[in-house]
Amino acid sequence: MSRVNQLKDTLFVGDRKGADIYGRVFVVSAFGGITNLLLEHKKSGEPGVYAHLANASNDHGWHEALTRVSAEMQRVHREVLEHPGDIEQADAFVSERTHGARNCLIDLQRLCAYGHFRLSEHMLQIRELLSGLGEAHSAFVTTILLQRAGVNARFVDLSGWRDEGNVTLDERIAQAMEGIDPQTEMPIVTGYAQCAEGLMREFDRGYSEVTFSKLAALTGAREAIIHKEFHLSSCDPKLVGEHAVKKIGRTNYDVADQLSNMGMEAIHPKAAKTLRQADVPLRVTNAFEPEDPGTLIDDRQAEVPAVEIVTGLDIVTLELFEQDMVGVKGYDTAILDVLTRHNVRIVSKVSNANTITHYLDASLKTMRRVEKDLAQIYPAAEITTRTLSMASVIGRDLSGLSVLQRGLVAIAEAGQTAIGASQGPRNVDVQFIVERETLQPVIKALHGAFIEEAAAPLSRAA
């Protein structure tokens, strides 16, 4: 979004003229870095307005953080807007929204000074209020930018700003889109939508794709398109080289789900489910190469078995060994209850007669708490955790490719060792467990064996 001025001449308009410009609805996220300032930095954890408000013992922290957000919003939109009148409008919008949010939080703090009210009970609503500021700013700036270019763009605010009532997501979208004709207007819609379900309760910062998918389903879209800064490729080009990766032209929602499980989301699984049930195909494109059709994701199976993607993820293993486990039910249920209570994401798991091993996406700090709780439930059990990594070979149909066997051979020939490996009967992915320091060479070896070698004969024939 921070390069939206460049996208104006490619994605939004490009070579289109007249009615060809319309027939599309755009759902936008916040400008780069703004949500980090409003909430907390996604990677470093540096506190934003929300984190300061939640943790600070005085008001100075969150007040200063909100002032910083306002200044950064104005700096960002000055980089994409050129006309002084547009900049003035955007400045006024930022001032009105941040001033309103500040007053709302001050009033809430005053109310919670009374014993009958607790600020902690309102933190989710505060998080949603602050998140909505970023998307509303981005959508508003995009709208006036396009209007200046002669596009009949329309700002569609789903953030619930000063709205009455607590409606469902479907109702919020239906009310906002009522009276809008996408064939003659270009709706620019906020990625955040305030609704009774509370998007952040389940999706946290992944709410934009949920709004996007629901909008596509409700409007009966021909396609739902996610515009990224890169193509969906067979591997990370930074790891194996841009010359080695292969752009994925078509795949299905099964593969998209496996990518999400590996932390490499093409789309949030719940958003994919919405599109899948509505029979709306998803296309992932490079926003800066609008002439390229990108990757089409639908429900179709592969015509021939093939590996499509090789990726990896750092994991923590949780192994519970109990000699008395054989033939006794309930161990797995108790472990799942503890993992759920600590909000730990399960990537995969394996088990045998007396051992259950979970491969988890979690911090070591959280795992210490998990171990403590399990030790209280099973005092005689041997519970261990270990930091490892998982390399995954993914495709719509891997049947008949001997991926497990060939993968182990490729890893060995690269001078590496697999600690474990598994393949399910659905034949959409094979997982290799390796030491963390060997993940990158293992991914390169697997990509070389399944993607680069497979493409080599085609290159020579060409």
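What follows is a short chat about reading a few features of this predicted model.

Visitor: Let's start with T355. Where is its place in the structure?

Guide: T355 sits in strand β10, which covers residues 355–361.

Visitor: And is T355 buried or exposed?

Guide: The cut-off to keep in mind is that under 20% relative accessible area is called buried. T355 comes out at 11%, so T355 is buried.

Visitor: Which residues is T355 in contact with, leaving aside neighbours within four places in sequence?

Guide: Those are E319, L320, F321, M325 and V350. There is also a polar contact of 3.1 Å between the side chains of T355 and N354.

Visitor: Now the helices. At what angle do α1 and α6 pack?

Guide: Helix α1 (residues 4–12) packs on helix α6 (residues 123–148) at about 60°, and their axes are 11 Å apart. That angle makes α1 oblique to α6. On the α1 side the contact is made by V4, N5, K8 and F12, and on the α6 side by T142, L145 and L146.

Visitor: Is the crossing of α1 past α6 left-handed or right-handed?

Guide: Right-handed.

Visitor: Last one: in which sense do β12 and β13 pair?

Guide: Antiparallel, over 4 bridges, with β12 spanning residues 420–423 and β13 residues 429–434. Look across the pair and you'll find Q423 opposite V430 of β13. The hairpin has 5 residues between the strands, and N427 takes a positive phi near 60° there.

Key: Residues numbered from 1 in each chain as written. Predicted model: local features only at pLDDT ≥ 70, side-chain atom pairs only at ≥ 80, totals over all residues. Heavy atoms only, no water. Helix = DSSP H or I, 4+ residues; strand = E, 2+ residues; numbered from the N terminus. Buried < 20%, exposed > 50% of the residue type's maximum accessible area, 1.4 Å probe, protein only. Polar contact = N/O pair within 3.5 Å; in protein donor to acceptor, adjacent residues only side chain to side chain. Contact = heavy atoms within 4.5 Å. Pairing = 2+ DSSP bridges. Axes fitted to C-alpha atoms, helices over the stretch in contact; angles between N-to-C directions. Parallel < 35°, antiparallel > 145°, perpendicular 65-115°, else oblique. Left-handed = near helix turned anticlockwise from the far one by under 90°.
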